[in-house]
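Okay, thanks for coming, everyone. Let me put it up on the screen.

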Amino acid sequence: MNTISFITANFIAREVGWAITEGWHQGNNATNDYFRSIDTFPKRFDALLKEIKQLGFQTIDLWVAHLHWAWATKEHTKIANSLIAKHRFQVASMVGRFGATRLEFETACQIANAMEVRILAGTAPFININRDEAVAILREYSLEFALVNQQEKSPDQLLSKIGYDNHDILGIAIDTGWYCTLGDGIFDAFEELAPNLKAVQLKNLISSESATTSCYNKGCVPIQKCVEKLKELRFNGPLSIEHYPFDKNPGEECRQNLDLLKSWIKE
């Protein structure tokens, strides 16, 4: 049975008043700054979880800007775990960028262990630099890494970045939004990547020429057909709802996406 989760990066524009004007980095930096201080972290993290809970979600993918390996202390993770338990959340994965050096990558793994998370989904330049060493670290911490596609236009381009072995540890997290330019080719990609698929981030875009996300019943990505294909492939891993407009609160549309996704899974 698939778990359905809310990627907390959907709230990237939250700390800039739902008005990002300078790109992703603006929201990323503002979020890190907002959650970094241990003095305000408990109240602010609690409010974040409460807002997501009110949308009907029981599982989250924790974006690193909300608990970043570069600044999170043992006290941060202790508080985060306590609040996650308080709101009866599960954490399906941590998502984001996990470091370009051994120290950064291992620190990210330590935070994941502290949060009892098994999957890191995103990018990790250190894996490209020293794959064998990265695999050894992942095994030491009992973690799996799922590379999220971005500019790659084919399954081969993705697989070449994680290598063709150690697939119990290294795999893929498909982002359907970035794959939308493939048209019907996205379904072939699902089939080819199925043996290596650890997670799916279901994202819609308003058009194939835009990076602006959309709710599921609009846009250019055939989300329902993607879900049908995953069911056909018997994929039972986590499905993440991803929708992060720069100019508005996506909460209500994420609630609608959740209802739609539940109905499609049941069909």
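Strand 3 is the biggest contributor to the lining of the largest cavity, giving 3 residues. Strands here are DSSP runs of E with at least two residues, helices are H or I runs with at least four, and both are numbered from the N terminus. This is a predicted model, so to speak of local features we need pLDDT of at least 70, and side-chain atom pairs count only at pLDDT 80 or more, while totals for chains, interfaces and linings use all residues. Residues are numbered from 1 along each chain as its sequence is written, and side-chain values use heavy atoms, with hydrogens and water left out.

Now, the grid terms. On a 1 Å grid over the protein atoms alone, a cavity is a set of points where a 1.4 Å probe fits but cannot get out; a pocket is an open set with protein on both sides within 12 Å along at least five of seven lines; and lining residues have an atom within 4 Å of a point. Points are joined across faces, edges and corners, and a volume is the space filled by probe spheres set on them.

Back to that cavity: it holds about 40 Å³, and the whole structure has 3 cavities of 30 Å³ or more. Its lining includes Asp61, Ala92, Ala199 and Gln201. Strand 7 also supplies at least two of the lining residues.

So how buried is strand 7? 9 of its 9 residues are buried (under 20% relative accessible area, with a 1.4 Å probe and protein chains only), so the rest of the structure largely encloses strand 7. As for neighbours, pairing takes at least two DSSP bridges between two strands. Strand 7 runs parallel to strand 6, residues 170-175, over 4 bridges, with Ile174 partnered to Val200. Strand 9, residues 239-242, is parallel to strand 7 too, again over 4 bridges, and there Lys203 stands opposite Glu242. Strand 8, residues 213-214, pairs with strand 7 in the antiparallel sense over 2 bridges.

Of its 29 lining residues, Trp24, Trp63, Gln150, Glu242 and Tyr244 lie nearest the centre. Strand 3 and strand 7 are among the elements supplying at least two lining residues each, as is helix 1.

Last one: the second largest pocket is about 190 Å³, and helix 10, residues 251-266, gives the most to its lining, with 4 residues.

Key
Buried < 20%, exposed > 50% of the residue type's maximum accessible area, 1.4 Å probe, protein only.
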